[in-house]
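Hi there,

Here is the structure I promised to pass on. My notes follow below it.

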Protein chains: 2
Amino acid sequence: MTGKVNLLEKLAMLDGYYEPGIVGYLNDYKLQVVRVKGEFVWHKHDDTDDFFLVVRGRLTIQLRDRDVELEEGELFVVPRGVEHCPKADEEALVLLIEPRGTRNTGDVDSDLTRPEPGLI
Amino acid sequence: MTGKVNLLEKLAMLDGYYEPGIVGYLNDYKLQVVRVKGEFVWHKHDDTDDFFLVVRGRLTIQLRDRDVELEEGELFVVPRGVEHCPKADEEALVLLIEPRGTRNTGDVDSDLTRPEPGLI
């Protein structure tokens with residue numbers, strides 16, 4: 001059985017921005033942490049919702065019709081099929097939850113596309 | 001589409017301890033907040049893991065062979081089938097994630113058993 005996870009300790013182990021690490025699993029969902037700075041890429045996930053919780057800093061989740069501005073302790077679930085593009089002017093630390101195998105850039109091929117992360 | 005969720009604002013809307021409220025959904029999972037104080041009841045969920053993240057305070061998740069001590073910003077996933085009993089000496093504020101319909105006291109009938117909470 002795995003132990004507890006301290007989110008800030010795990011986040012401190014990450015190199016670079018938009019390079020997520022998996023800290024655990026909830027059934028067939030992956031619990032990921034990621035450091036965010038700058039703009040990601042517009043994409044969507046046709047098969048799943050996408051959970052974002054801000055651990056530190058501020059994160060903007062751009063949607064096509066509005067921006068969702070998240071501060072520490074705030075979460076937002078992007079519904080499946082909805083295009084979104086995260087961005088942060090300053091570094092933000094984020095907990096992401098989505099099904100295992102969900103590709104980080106969804107339906108889009110991008111320089112930011114990454115393989116399934118490893119457990120950190 | 002629902003909006004963002006500020007966890008502390010939602011937690012402030014709850015009456016009493018071990019009375020969870022649902023703040024959103026991630027696919028077929030419910031995102032719940034709960035105020036915890038005192039001891040819950042020993043139980044297990046045979047069909048699902050159980051996600052706990054401490055938003056404020058300290059939470060002990062008692063397992064049969066050890067205690068998992070969680071502080072703010074720490075999470076733990078109780079594996080399916082594993083007996084556990086949360087407790088907190090002082091009030092703790094917690095985010096819980098599990099599939100919709102998961103009973104709060106799992107396999108045990110208790111005075112603390114509650115119906116599926118409503119969306120707050």
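L14(B) sits in the loop that links α1 (7–11) and β2 (21–26) of chain B; helices (H or I, at least four residues) and strands (E, at least two) are DSSP runs, numbered from the N terminus. L14(B) is buried, at a relative accessible area of 8%, where buried means under 20%, exposed over 50% and partly exposed in between (1.4 Å probe, protein chains only). Its C-alpha atom is separated by 7.4 Å from that of R35(B), 21 residues apart along the chain.

Before going on: this is a predicted model, where local features need pLDDT of at least 70 and side-chain atom pairs count only at pLDDT 80 or more, while totals for chains, interfaces and linings use all residues. Residues are numbered from 1 along each chain as its sequence is written, chains are lettered from A and ligands numbered from 1 in the order in which they are written, and side-chain values use heavy atoms, with hydrogens and water left out.

Now to chain A. It has 1 helix and 8 strands, running β-α-β-β-β-β-β-β-β from the N terminus. The C-alpha trace spans about 40 × 30 × 25 Å along its principal axes, and buried residues account for 52% of the 120 residues.

E69(A) lies in strand β6 and is partly exposed, at 44%.

Best wishes
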